[in-house]
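Student: I would like a close look at one part of this model. Please take me through it step by step.

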Protein chains: 2
Amino acid sequence: MVLQEQEIAFVREVLPFWKDLTETQRSELIDHMRPRSFARGDHLHAGEADCSGVFLLRSGQVRTFIISDSGREITLFRLFERDICIFSASCMMPNINFDVYIDAEKDTETLLIPTCAYKALSAQSPAVKEYTAQLIASRFSDVMWMLEQALFQSFDKRLAAFLLEQRNIEDSLTLRLTHEEIAKHLGSAREVVTRMLKVFQDQGMVKLSRGGIEIIEPRQLEQLAE
Amino acid sequence: MVLQEQEIAFVREVLPFWKDLTETQRSELIDHMRPRSFARGDHLHAGEADCSGVFLLRSGQVRTFIISDSGREITLFRLFERDICIFSASCMMPNINFDVYIDAEKDTETLLIPTCAYKALSAQSPAVKEYTAQLIASRFSDVMWMLEQALFQSFDKRLAAFLLEQRNIEDSLTLRLTHEEIAKHLGSAREVVTRMLKVFQDQGMVKLSRGGIEIIEPRQLEQLAE
């Protein structure tokens, strides 16, 4: 057994199917799990080349995104502490035939259930299968939300909503983000982000500085995003 | 029992979980099923207001799409003969929390498994649950494909690909489609479609006429779409 007591307590807490497992299944699962740490910018998963398994996020933040042939990126959804990252085990799901990438946005501590262990558990436990299906459906809903934003919302609204989301995540009006990073979240180009941020600055909603964006008028941004 | 012999034979053929059902489950399922016909343009499902159940397509063609607040549409995927339409039962899936619309693109014959019957069967049969999960994962993959096209492909390539898809569906180089209909498939505006079709016509790839588009140079369209 590699996991420590407090890590096992965490697993018990965040896995909804824990209560449905037998004692043997529980101990086998714990035996297979490993702590994995990622620094900001590290890849947890890089397309079909990877299939590490299911990551339980103990701390930190990751983003799941897609990349176009020409290298453009767009964020599908982000995961936080206590979230479960399932697309890093997508090779075990025959009908999921698209490639996603998963990067750490902050230093991130995880516990990994390797694909083979998760697959074996799924085969034994209907509760695990059911949980996987629910998780996939949730991510599908996340992606549909993003899709509607990306296709139907004007860019100024999307940028305003993103800045507010970021404020909520950071719990701060000062956002440490480059224009390039924002562009990758929104599937846009750096120049487009810079141009719109300057419009926001002219309207007194934000103040731009080297390496950061300060939100001056959150209410105005909220009105725009609505 | 409302279904006729040949309809029951069809059910046996297209439902992958039929072999896993007990005799009682099979006869209950058949007892609950009803034939439903839709004319071209009819709605099979209109957002969260509807939850008829699972449609088995005996003939015809349907498209699943989303609508923006301002009435813009984009097609997520299309279903054909022998396909199973599951989003018309999405109210029974707690983690699917987005609204889709489903319209008949041609006169369409279906067999309906009402939501309550499908739900009851799912609760009894792991094979049905598993099949539902697989189907949702497949549709997720369909939507991801569309998403990548819509976000990362230029409009001329998408239009060329759509015309070729339509040729394959109709098995004809003469397509009976309005520019408005194409715009709704691609999440665009009619004017944009018309403008691009005129460019295609100038390049000798298509010939436009009242109510139709004739593909003159499929090879050129293929090169463009690639």
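What distance separates the centres of domain 1 of chain A and domain 2 of chain A, and what lies between the two?

Tutor: This is a predicted model: local features need pLDDT of at least 70, side-chain atom pairs count only at pLDDT 80 or more, and totals for chains, interfaces and linings use all residues. Residues are numbered from 1 along each chain as its sequence is written, chains are lettered from A and ligands numbered from 1 in the order written, and side-chain values use heavy atoms, without hydrogens and water.

The centres, taken over C-alpha atoms, are 29 Å apart. Domain 1 covers 5-150 and domain 2 covers 153-225 of chain A; the bounds come from an automatic or database domain assignment. Each domain puts 14 residues into the contact (heavy atoms within 4.5 Å).

The buried area is about 1100 Å², with 38% from carbon and sulfur atoms. Buried area is the accessible area (1.4 Å probe) that two parts lose on being put together, summed over both. On the domain 1 side, A:Glu73, A:Arg78 and A:Gln149 supply 43% of the area buried by that domain, more than any other three residues.

Four salt bridges cross the interface (a side-chain nitrogen of Lys or Arg within 4 Å of a carboxyl oxygen of Asp or Glu). A:Arg40 forms a salt bridge with A:Glu181, with the closest N and O atoms 2.9 Å apart.

Now the elements, which are DSSP runs numbered from the N terminus: helices (H or I, at least four residues) and strands (E, at least two). On the domain 1 side, β4 (61-67), β5 (73-80) and α4 (126-152) of chain A each give two or more residues. β5(A) gives the most, with five residues.
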